[in-house]
Amino acid sequence: MSSKLVQTVSYEELYNVVCGASSTNPTIVTESSLRLKAMLEMSGTFDALSIIATQKQVPLAVRQQSIIQFKNNALSHWRSRKLLSDKQRVDIRGRWLTLLDESDDIISKCNEIIVAKTARQDYPLNWPGLIGHLVDSINVHLDAWLSQNSKPSSTLILRRSFELLNGILKEFATIKMPAGIKVLGTIIDENYLVLQQHYTRLTAALQTSLVPGSLGLERTAECMFLAHIAFKCLVKMVVWLFNKLGSQNHSVLENWCKDFFQNSTVQIQNLYELRMKLIVAMTSQKLDSIQTRSLDYLTRHVRLFGKLFRRLQQLSPSRFVALPLCSDLIFYYWSKVIQSANGPPALITDSPDAIFPIQFIVQAMVLFKDSLSQWTPVRKDGTANDAALSKDFVEDAVRVIVTRFLPLSPKDLDSWMADPEEWVNTEEHGNEQWEYELRPCAERVLITLSNQYKDVVAPLLLATFGQVVGQETPDLESVIQKEALYCAVGRCATRLKSVIPFDDWLEKTLVVESQDPDPNYPIIKRRIAWDLGRWVSEDCTSPSRNPRIWEVLVFLLRDRGTGTDTVVHLTAAVALRDCIDANSFDADIFAPHLPSVISELVRLASEADMLETKRRITDCLNTVIERVGKHIVPFVEIITTPIPQLWNAAGTDYIFKTSILVTVTKVIDSSKEHSASLGGLVVPLVRESFSDEGRMHLDEDGLVLWLSSLRNGITIESVNGAAALYDLFPIAVVLLGTNLDLLGKILSVVEAYFILDGTKILQGHALSLFQAFDTAMKQATTINVKGMITALNLLVLVTPAQLWAEPMHISGLFPSIITAIKDDKDTVLLLTEYVILAARMALSDAAIFLQLMSAASGALNVPETELWEGLLNQWWNRFDNMSEPQYRKLAAMGIANLVATGRPEVLDRLSSEIFNLWLDVFGEIKEAHVGYQGDNDGMNTPLSPGSPSPLVLYWHNAEEAWAPLLSDAEGTLEFDRRKTIYGRDPVTKTKLTPFVANSLQTAQNVYPGGPQAFEVAWLKKADPTVLKQLQEELASNR
């Protein structure tokens, strides 16, 4: 064996190539990038890149390019002996530590990632001094900085050392293996006190620096940053320890964590109050760049405390609330929420110099929300909780949320008017990102309060609802307040459904408000649609009980008059989807509204500008189609007509194209045989799904559409001149032979073609089809090979042997199958399936099967006798592995057909293996021709006069036998087609005893010398007892 020779890189060439890759000339960049990609496979390249990146005299752009290339490529090959030597790895590690005085942030950040990732692999075994070097650097340069004797370069080294240590701690915190966990535990144990001491010294220095007069000093900004990065290191240690200490006993570190938490609860309160005073004192000043930077660091630092508390809460809520001063901490955070609500709205902004930054208030709400369970009035064990919040506290909290945080802000309304589609999309994302958005977070706090204090919240909201619902809304402010209350009613629907008279509210208020032309009323109408969707999806009401819900939603969807807008239409569409997807949905009650809903959703999708909006509307349409079933048939053309235009407009937005494929699939699933005319749409969509550009994104959904079209179709030929599903079969053949990842689904498609018109498929594509089978069966997994054998079994069942025999031989498929049987190297499962297939082929046409065996002998250059020997050995050996009676009977019938040919190798086993096989099957099954007619469902009905006597299989349970063969086709036309095929299978339609008797008689008749010679040659060899038993079975005609 020879390995590929690895070339050694030329430093000069690499340097020139990196310079070219850093050029501003696109042509040079392209050429250099291609060469650089090739050079990354050379030995020494990564070493040379580290040299270039760490040389300060090299142009900055070249250094940046070098370190970026190293970060992106070297880390995944760090252990490669071909690309790096041990000495080079030592040199590279040393070079990265020379960048502690690096002034460029891009290089420094890349270095931080490289050092952290490398340390994960090499520390402490191959890089033992790393942590000690960084901690020593921090110690020395921090002492110098605090003594105010440091130079700018010393401060930079201090900063970079902290950043590297923080990056290493972050990387090691993700390690799950015991060795890595032990290493991080040692790092923390050796350094946590040192780092805490450093942070304490820095915060002490901050106390004198965080005053208006000092905020503009560079030293203040430095101090704030250093304190922040030191605290980040401590936070990573504490979070990791808190998580690990839950399962380990380490009293020293556990006590330190508790002390750290307790100190942090006190510190955040002092720090935030100091920050508020500082900002208030500087309100009238215009901040310079240093002051802005200092405030930004301070705000980040305050937010880091919140992240620490939130992470501890997430790791273990029960242990979190037990930490010292935890309740005081939560109540302090909530007091800031109340304080911010009582001030002007301008105090709450997403700005570093805001008195109440939005992210801080959101953190406060989240901490409060997830701590409420400790103050619930009744504990889980049913006892009263003495620590429960007072009624006044809860009521005040609810009022603040509903009146201050739920109402839409001027910024919300401006965004609504500027871009309605984007506003709706943002609102939908808010449901997913509620931990980071103010209003969605406030809604979740309200939900939690209503769940924990339902006896307080429900009466309060009901009283407020009674006061507001009937009031006039003469101005925008009153509209906004009513919308906020409606939001609260929707969010707390499950707690309010028993107290709010929904039907009265709908009839007397919502119906009227939904039709109000007031220009401010889109705000109310949008919330009405949302409320209806919420109440129905939460099973608090049902359109089946109150159809007026459909009337309101459909009106909001289609109204184009004054007092409505795009936001209302889109929200109504989503609300309709939620209602239709509810458990209580009744398609018959909804049916009268279907024409309007379909036409309006199609219209909305066509009018939408944003592809995300189109996707959302398409999802709504898909739900409607799926849930209404055959009610959709009259509207198929309305739905499908604009699809080509939407598809072309989507361009490379494959997520939207996926939605379109799903839409067409849903239409076909619902309309079934009525979808036959959609070939002109389906065929090009499937083609594009498997084009070079589309297959990476659309192949799975394209397969689902393709399979649905086949399973619910009635023909593979053209309908009304449209493109035919038959035209797609060459793609299926290519996929069968090449796409192993989707082979299971591809086989379902191929089987669907066999079932619809296997004859036409073989007439046009037999050779290429069997070549694809042969290729795939040599590469696929066992389960997929089994699926392919099953598909071939089906094909043999539904098509004449004259169509499949010759191409099966020419393609090499049959020789491959008989070789697999003879060699006996496959699993028992596959060998059993191969024998079942051979039995099916022999039962279909024994004469042609003999021709195939003879031709295979020539093709394989193996004596025919040897092939028969291998086949018959497996036939007998694998018979006991056939657990299903229908397959055991198939094996008996197949071998009987071969006996009838008089083939010597078969007859040689007649008196032993074959007789025993037949007797086994005779003893297992009971069959009879009786005066009843079997239906497809297995039920028996009396025969009509003069009809032939059918076969009743007492051994055969139709449902159990068909289950694995019907696959997942239930609910499609293919399900019935499969039942019909297997119902006509000779195995279920032909009685075994006369079949075997006829085969024996045929064998005797064709044997030279006739029956007497046959008896002497073959039957006399049998055990007399076995022969007598067989003759009795055949004579009884059981």
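This is a short tour of one predicted model, stop by stop. Local features need pLDDT of at least 70 and side-chain atom pairs count only at pLDDT 80 or more, while totals for chains, interfaces and linings use all residues. Residues are numbered from 1 along each chain as its sequence is written, and side-chain values use heavy atoms, with hydrogens and water left out.

Select Trp706, Leu769, Phe773 and Trp918: these have the most contacts inside the largest nonpolar core, which has 356 residues. Such a core is a set of buried Ala, Val, Leu, Ile, Met, Phe, Trp, Tyr and Cys residues joined through side-chain atoms within 4.5 Å; buried means under 20% relative accessible area, with a 1.4 Å probe and protein chains only.

Centre on Phe773. Leaving aside residues up to four places away in sequence, Phe773 touches Leu736, Leu747, Val750, Phe754, Met788, Ala791, Leu792 and Leu813; contact means heavy atoms within 4.5 Å.

Move to residues 32-102, where an unreviewed UniProt entry places the feature "domain: Importin N-terminal". The end C-alpha atoms of this span lie 27 Å apart, and the span is 61% helix.

Finish at the cysteines. A search of the whole structure finds 0 disulfides, a disulfide being a pair of cysteine sulfur atoms within 2.5 Å. For Cys492, the nearest cysteine sulfur is that of Cys487, 8.7 Å away. Cys492 counts as buried because its relative accessibility is 1%.

Technical notes. Buried < 20%, exposed > 50% of the residue type's maximum accessible area, 1.4 Å probe, protein only. UniProt positions renumbered as here; feature names shortened; annotations may be inferred. Helix = DSSP H or I, 4+ residues; strand = E, 2+ residues; numbered from the N terminus.
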